[in-house]
Each structure stands twice: as structure tokens, then as C-alpha cells.
Amino acid sequence: MAFEIYYRKEKPLLMLQSIKRAWRLNSTHEHLHDCLVRFRSWLDDSLATLHPSVAAVLDAETQPMFGGRSALSMAEEYASGAALRSQAAALWGARALRRLLPDREAQARGLATALHLPDTSIQGCIDVLESLREGEFGACEEDIERYVEACRTKFPYAIAFQPPAPAPASPAPGSPAPNHVADDSPLQPKEISVNN
């Protein structure tokens, strides 16, 4: 979260500090990968405009994390490696790939929507579905429908992938009202008496 704040404020040393802390905690975390790719991309665009001493610090401190790789090579390496072993990694890897290469939108969407990964879960599928609906992978209404159907097949009892329930039919004009009265009050637990 700190990285996100400093990224928007364009504070490179604070971005670096946030990433280094996250790196020490878990260098393989999928969200950290996305932050690293974004930071590398930002540095590629902004390094020439930074003060030389700041640029030198950033260059020296990011070497262990970047390993001399560009943002694109980091994203492609992740997409062909870690992203094929975890649903969360596939989603974050696909986001990074789509951001760097908008023309490979279909490949990124295919990576994000893969359902064969060993840790695929209902919540992971919901996260992917939200990303698709928010347009992170472009306009893809047909793909969204296919993905929901595939998720429904994989998780047949998950409410998140069920089609919307049909609206109750309203009585035709002039027809008598239904016999029952709807009571929206919550059900109360029954009082139980225990005989000793």
C-alpha cells in the first residue's frame, strides 16, 4: 500500500524503500512482482530527469531485485514461470503484461482466466472476474460470459457464478391478489423449554 501511495506521488526513494521492505518479507509475492515491474517501467521513463545522486542510489539499490532486466523481460519471465503455478500469480502477471504490451491483450486475458492451475479457488475466480468486468483486459463481454460459464462448471455450487434469479412475476391487472401476505420480518428462534 505504501508503494501505491508513493508511486502516485512520484516519490522514487520512498517507492524504493517500500519495495525493499516487501522484498525482505516475501520476494516471490505476486503483488510485489507487479510493483517491481511498474517501478522498473517508471525508472526507465524518469531516470534521466532525476538528480544524479538519487539516480545512483536507485540504480545500486535495485540491482538485487531487477538483476539488470527490463520491465518487459521481468513481466515475460514471470508470465512463463511463476504465473503458470498459481492463480493469483497468473492474474498479477497478466496485469503487468497487459500494461506493458497492450497489443498482447488476448494473451494476458488467457493467462488470467486459466482454470487449470493447482490453487484455483472460488475467490481467485471472483478476483479475475472483477478484473475482467473493470476492463483491465480490454472490452471482452463474450470472454466474460465464457469465463463465468467455465467457473460455473468448475464450481457448480458457487453462488457467484450462478445466473441471476428470474424476477417474480407480477399479477396481471385485474387478477386477484395472491393468498399469502409477505412478511419481511426476520425469523425468531423458537423458545425451547428443557424438562429437568
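Let me start with Tyr 7, which is partly exposed at a relative accessible area of 24%, where partly exposed lies between buried, under 20% relative accessible area, and exposed, over 50%, with a 1.4 Å probe and protein chains only. Phe 3, by contrast, is buried, with a relative accessible area of 4%. Please keep in mind that this is a predicted model, in which local features need pLDDT of at least 70 and side-chain atom pairs count only at pLDDT 80 or more, while totals for chains, interfaces and linings use all residues. Residues are numbered from 1 along each chain as its sequence is written, and side-chain values use heavy atoms, leaving out hydrogens and water.

Now to the rings themselves. The structure holds three aromatic pairs, a pair being rings of Phe, Tyr and Trp (its six-membered ring) with centres within 6.5 Å, called stacked when the planes are under 30 degrees apart, edge-to-face when over 60, and tilted for the rest. In one of them, the ring centres of Phe 3 and Tyr 7 lie 5.5 Å apart with the planes at 35°, so this pair is tilted. Phe 3 and Tyr 7 are four residues apart in helix H1, and therefore separated by about one helical turn; helices here are DSSP runs (H or I, at least four residues), numbered from the N terminus.

Phe 3 also pairs with Phe 39, edge-to-face, at 6.2 Å centre to centre and 85° between the planes. That pair links distant parts of the chain, since Phe 3 sits in helix H1 and Phe 39 in helix H3 (residues 30–46), 36 residues apart. Taken together, ring pairs join Phe 3, Tyr 7, Phe 39 and Phe 66 into a cluster.

Definitions and conventions:
Helix = DSSP H or I, 4+ residues; strand = E, 2+ residues; numbered from the N terminus.
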